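Subject: Structure handover

Hi,

Here is the structure I promised to pass on to you.

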Amino acid sequence: MNRKWYSGMASTEDWWAVWLGLIMFLASVSSLWGWDLTGWMAKTSTWVWGKFSIETALKPSGKVALHPAMSLLVTYLVFTTLTCIAAWAMKLDVKRFFAAWTVLFVLTWIVWIVGQEAHFKVPVHEFAKHDLSWGLSLGGGFSYLLALVIGLIIGNFFKGTAAFLSEAAKPEWFIKTAIVFLGIKIGVMSMEAAGFVQELVLTGIAATFVAYMLFWPIVYALARKGFKLSREASAVLSSGISICGVSAAIATAGAIRARPVIPVVVSILVVIFAMFELIILPGFYAAVAPSQPIVNGSALGLTVKTDGADAAAGAILDELMRANAQANGVVWKEGWILMASLTTKIWIDVFIGVWAFLLALVWVYKVERKPGQSRIGLSEIWHRFPKFVLGYLIVWFSYIALASSGPEIAKTLHTAATPVEGSMRTMMFMLTFLSIGTITDFSKLKGMGRLALLYAIALFGIIAPIAYGVAWIFHRGMMPPAP
């Protein structure tokens with residue numbers, strides 16, 4: 001297929017994550033001309049059982065004089081308009097998308113509000129502030145887990161509802177949009193602690209090379225020699241397990257022209273095992289190494305195999321580790337552990353295009369050796385490159401460039417950008433959790449016992465231990481800054 005460089009710009013989730021992220025970033029930049037185009041965004045607040053009201057549970061993110069209910073309505077209208085336009089451009093059934101999106105939006109906000117109840121959320125040292133005699137001190141991450149649980153219940157026990165919601169339940173799209181929003185937060189962090197960010201990025205790049213040069217060959221050898229899989233199945237599965245999940249599996253399958261069923265099967269395994277990673281790893285790392293927050297974050301980035309699950313697991317780990325540290329009198333700034341996870345994952349994503357290109361060369365010129373095979377152009381790297389990473393980088397460096405213009409500009413921009421990198425980003429995380437659960441059907445593991453066994457052995461017996469060792473080597477002793 002002779003694709004142009006701009007192919008897919010209006011019709012893929014990857015590009016629409018970029019467009020949604022850039023639209024909201026430009027809306028925040030408009031504050032430099034005195035406009036407030038982001039302050040309408042609703043955000044949740046901590047509330048206490050028995051004292052619930054819409055005014056205590058919700059409020060606008062900015063200084064806009066809106067009733068909380070009106071703020072939520074505006075939030076719904078804005079994002080419904082944007083996502084429906086995107087759905088039309090991506091050739092989805094807009095009517096079905098609109099209906100499913102509306103239900104998904106309402107469920108997300110109900111779960112988010114419930115998760116902010118004080119008995120679930122607040123740490124021990126804030127019990128007196130909320131007049132509590134007991135609490136679970138689960139932090140803000142409880143909302144994510146609750147959304148995941150509700151989604152899994154829907155996906156596995158209410159199949160009709162799950163099928164209805166599937167038109168709008170797009171976890172990869174939601175999380176990629178959230179990551180573009182995160183570029184603003186990374187920009188803020190970069191302004192506050194430039195040296196730390198630089199070190200984190202450099203070590204993340206180094207760790208990424210380990211993922212490609214170590215994980216992939218080991219898993220490929222295990223698949224070929226231990227499980228006697230074909231070359232194409234071994235390559236696709238190795239990329240899915242070792243690199244970045246569904247994206248890597250699909251990119252690899254396209255590069256080596258594997259049978260269509262192979263990336264589908266691998267993708268199912270990736271999504272289902274991502275749930276186990278998401279549920280198990282954050283709590284496990286927080287319990288085993290409570291004094292190594294950045295190591296734990298980086299290890300997640302190397303181990304968890306989808307962007308959605310990695311960002312979600314990183315958010316939970318960030319909440320858990322900060323809550324544990326705070327209980328011991330240590331306060332870390334929010335978002336840095338998540339940043340460690342995402343930085344590693346993003347660098348892995350960045351090079352999937354290069355990896356797919358290299359595999360394509362190997363298959364064309366070494367494995368298949370077909371005479372007359374057309375040569376592969378360098379444009380293949382561009383088409384395999386995860387485009388949401390461009391949005392993330394554009395927003396990150398644009399924020400730094402604008403904020404560096406002067407303290408007043410930086411202050412104004414930060415105020416307007418806070419709803420984007422805060423409430424909007426968190427809402428997209430919540431949508432991701434609920435959507436991941438909704439589309440995960442554990443019954444699909446039937447008939448894939450051998451592949452599931454290989455996946456489990458490779459993930460938990462090879463990748464997870466090595467990933468933690470690599471993260472320890474590169475990030476040991478690194479700590480998030482204090483507020």
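Let me begin with the charged pairs: there are 7 salt bridges in the structure. Please keep in mind that this is a predicted model.

One of those pairs joins Lys 176 to Asp 14, with 3.3 Å between the closest N and O atoms. Lys 176 belongs to helix 8 (residues 171-192) and Asp 14 to helix 1 (residues 13-29), so this bridge ties together parts that are 162 residues apart in sequence. Both ends are covered: Lys 176 counts as buried because its relative accessible area is 9%, and Asp 14 is buried too, at 14% relative accessibility.

Another salt bridge brings the side chains of Lys 159 and Asp 441 together, at 3.5 Å from N to O. Here Lys 159 sits in helix 7 (residues 159-165), while Asp 441 sits in the loop between helix 18 and helix 19, so the parts tied together are 282 residues apart in sequence. How accessible are the two partners, Lys 159 and Asp 441? Lys 159 is partly exposed, with 40% relative accessibility, whereas Asp 441 is buried at 14%.

A pair within a single helix is also there. Arg 425 and Glu 421 form a salt bridge in which the closest N and O atoms are 4.0 Å apart. The two residues both lie in helix 18, separated by 4 residues, or about one turn of the helix. Arg 425 is buried, at 4% relative accessibility, and Glu 421 is buried as well, with a relative accessible area of 9%.

Finally for the charges, Asp 318, Glu 319 and Arg 322 are connected in a network of salt bridges.

Next, helix packing. Helix 18 (residues 407-439) also has a partner in helix 17 (residues 387-403): their axes come within 8 Å and cross at roughly 140°. Which residues make the contact between helix 17 and helix 18? From helix 17 come Tyr 399, Leu 402 and Ala 403, and they meet Ile 409, Ala 410, Leu 413, His 414 and Ala 417 of helix 18. Sorted by type, the residues of this contact are 7 nonpolar and 1 polar, with no charged ones.

On the surface you will find a nonpolar patch built from Phe 276, Ile 279, Ile 280, Phe 284, Val 288, Phe 442 and Phe 460. Together these residues have about 620 Å² of accessible area. The helix that gives the most to the patch is helix 11 (residues 261-288), with 5 residues. Phe 460, for its part, is found in helix 19 (residues 449-475). With 34% relative accessibility, Phe 460 counts as partly exposed.

Now some totals for the whole chain. The protein chain contains 19 helices and 2 strands. Of its 483 residues, 57% are buried. If you take contacts between residues at least 6 apart in sequence, 77% of them join residues at least 24 apart. The chain exposes about 19900 Å², and carbon and sulfur atoms supply 68% of that area.

If you want a place to start looking, you could go to helix 18: it holds Arg 425 and Glu 421, and its axis comes within 8 Å of that of helix 17.

Happy exploring, and write back with any questions!

Best wishes

Terms used
Residues numbered from 1 in each chain as written. Predicted model: local features only at pLDDT ≥ 70, side-chain atom pairs only at ≥ 80, totals over all residues. Heavy atoms only, no water. Axes fitted to C-alpha atoms, helices over the stretch in contact; angles between N-to-C directions. Contact = heavy atoms within 4.5 Å. Nonpolar A, V, L, I, M, F, W, Y, C, P; charged D, E, K, R; others polar. Patch = residues over 30% accessible without salt bridge, like charges linked within 9 Å, V, L, I, M, F, W, Y side chains within 5 Å. Areas by Shrake-Rupley, 256 points an atom, 1.4 Å probe, with all protein chains shown as cover. Buried < 20%, exposed > 50% of the residue type's maximum accessible area, 1.4 Å probe, protein only.
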